[in-house]
Amino acid sequence: MELPFAESWKIKMVEPIRKSTREERVQWMKEAYYNVFQLRSDQVYIDLITDSGTGAMSDHQWAAMMMGDESYAGASSFFNLKETITRLTGFEYVIPTHQGRAAENVLFSYLVHEGDIVPGNSHFDTTKGHIEGRKAIALDCTVDEAKNTQLELPFKGNVDCAKLEKALIEYADRIPFIIVTITNNTAGGQPVSMDNLRQVRELANKYHKPVIFDSARFAENAYFIKTREEGYANKTIKEITKEMFDLADGMTMSAKKDGVVNMGGFIATRLQDWYDGAKGYCVQFEGYLTYGGMNGRDMNALAVGLDENTEFDMLHTRIHQVEYLAKKLDEYGIPYQRPAGGHALFVDASKILTHVPKEEFPAQTLTVELYLEAGIRGCEIGYILADRDPVTRENRFGGLDLLRLAIPRRVYTDNHMNVIAAALKNVFDRRESITRGVGIVWEAPLMRHFTVKLERL
Ligand code: F0G
C-alpha cells in the first residue's frame, strides 16, 4: 500500500483558539461595522485574513533568534542574512527593511519619478501606492485569462508580453523598470512561468530596461515551476530559485510571506548604482544599512526561514494543504479562482451571491456571512478594496469580486480546512436566501477597506 501524504514537520508548541456563539458574533460584527479588520483576533476562531506575518517559525528559527546580534553596525546577523540571500538569489547587495512596503518605499524613492510608467502583472496595493504616490502610473499587463476564474491554466499570473512590448514602445523613456510579482497575489496567488520570466527578460534587454521581482511568494512560485512546467521536475527549489532571479536585476521582498517570519523585508540587487542610490533612503526611512528596519534576531530567523522554505518538502506540505481545501470546495461545487493558488483560495462571490447587487458588495457580504457562520475571518478582495475612481468618484465594479481565504504557513491542520469548507458550504447552501448585502456608512478617500464602516441592508 502506498503511504498517504503527511506534513513534513511535527508540532512542538501550540496556541489555544476559541470558538464563539453565533449571538456573540452577530454582536461583534455589528460593533465592527461589518468590517473584519475591525474585529479583535480573540473574536476569531480560524483567521484567514492574511498569510503575511502569521506563519509559525521552526525550532531552528527560534534558536537562531537567541543568537541575534543587536550591534548597531556590522552585526553578524546582517551578514548571515546577506550571505543567505546572495547564495539563494545571486544578488550581491542587500538592504534590510521592516517589511515589503518599506523595501518598495526605499527603492522606489530612488527609481520612480513623477510621470513615470511602471508596467507589471497586477501590482500589489502597496506597490501601486508607492508608484501612484510619486505621481507615476502602475500599468497592469497581466494576461487576460486571469480574469476568468473558471479557466484552468497552470500559469495565470503571467505577464502578457504583447501588452508589455506595446507599453515599452509607447512609453519608452518614461519607464524606469518592469516589475513582475511572483506569485501574482492579486490574480489569486497564481504563478508566473520560467518561460514567461525569460520572455520578460528578453523584452527588457531589447528595450534596455531593468527588471524587479516583487518576490513575497517567490518560493511558492518556484514550487509551481517545478511541478507544472516542463523541464523542471528534476531541479531543486533552490536551483529554480536561482534560475528565476538570474532573470532579474533586483528584488523587493516582504519576508512575512515566504521568509516565514512575523516581520521583515529587504531589497536585493546586482546593480551597484541601485544600492548606492537606495541606501541613503534606507538610512533616512528605516535605519542604518546593516539592520534597516530589523532586529538582529529577526534577521537571523529570516536567514533560516529563507533556507527552510526553499526546500521541496516544506513547500509541498503547504501547497498540498491549500489544494486539500480546494478539493473540498470542488466537492461542494463552490466556485473559486482556478486552479488553487499558492497562498490562498479566492472564492468567486459574484458567482455565489447572485441575488446581491454589486452595489451591495457581494464579496464583502460573503465575508460577513462566513464569519457569522463559524467565526472564520477571510478578507474581501473585491469592489470595496478596489476603491473609487479617482476622477469620477464612482465605485470601480470592473474587476473581480472575491473572498480571499489566505492560509498561514504551518499554523492550521487539515481538520481546520474541513471546518472552513463546511462553514462555507453552509453559507453556499443558503445562498438563494441572501438577497441583500451591505452599504457604506463611512469611508476613507483611499485604501478604504481597512477602515470602512458598513451597515447590513
Ligand atoms: N507585495 C506583495 C505581492 C504582497 O502580497 C504584499 C503584502 C506586499 C508586497 C507588501 O508587503 O505587507 O510586508 O509590507 N501582502 C499582504 C497580503 C499584506 O495580505 O497579501 P508588506
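Student: How far apart are the centres of domain 1 and domain 2?

Tutor: Taken over C-alpha atoms, the centres are 27 Å apart. Domain 1 covers 22-51 + 311-456 and domain 2 covers 59-308, with bounds from an automatic or database domain assignment. This is a predicted model, where local features need pLDDT of at least 70 and side-chain atom pairs need 80 or more, while totals for chains, interfaces and linings use all residues. Residues are numbered from 1 along each chain as its sequence is written, and side-chain values use heavy atoms, leaving out hydrogens and water.

Student: How many residues does the contact take from each domain?

Tutor: Counting heavy atoms within 4.5 Å as contact, 28 residues come from domain 1 and 33 residues from domain 2.

Student: And how much area do the two domains bury between them?

Tutor: Interface size is often given as the accessible area lost when the parts come together. With a 1.4 Å probe and the loss summed over both parts, domain 1 and domain 2 bury about 2,600 Å², 52% of it on carbon and sulfur atoms. Gln 337, Arg 338 and Pro 339 supply 22% of what domain 1 buries against domain 2, more than any other three residues.

Student: How many salt bridges are there between domain 1 and domain 2?

Tutor: Look for a side-chain nitrogen of Lys or Arg within 4 Å of a carboxyl oxygen of Asp or Glu. By that rule there are 7 salt bridges between the domains.
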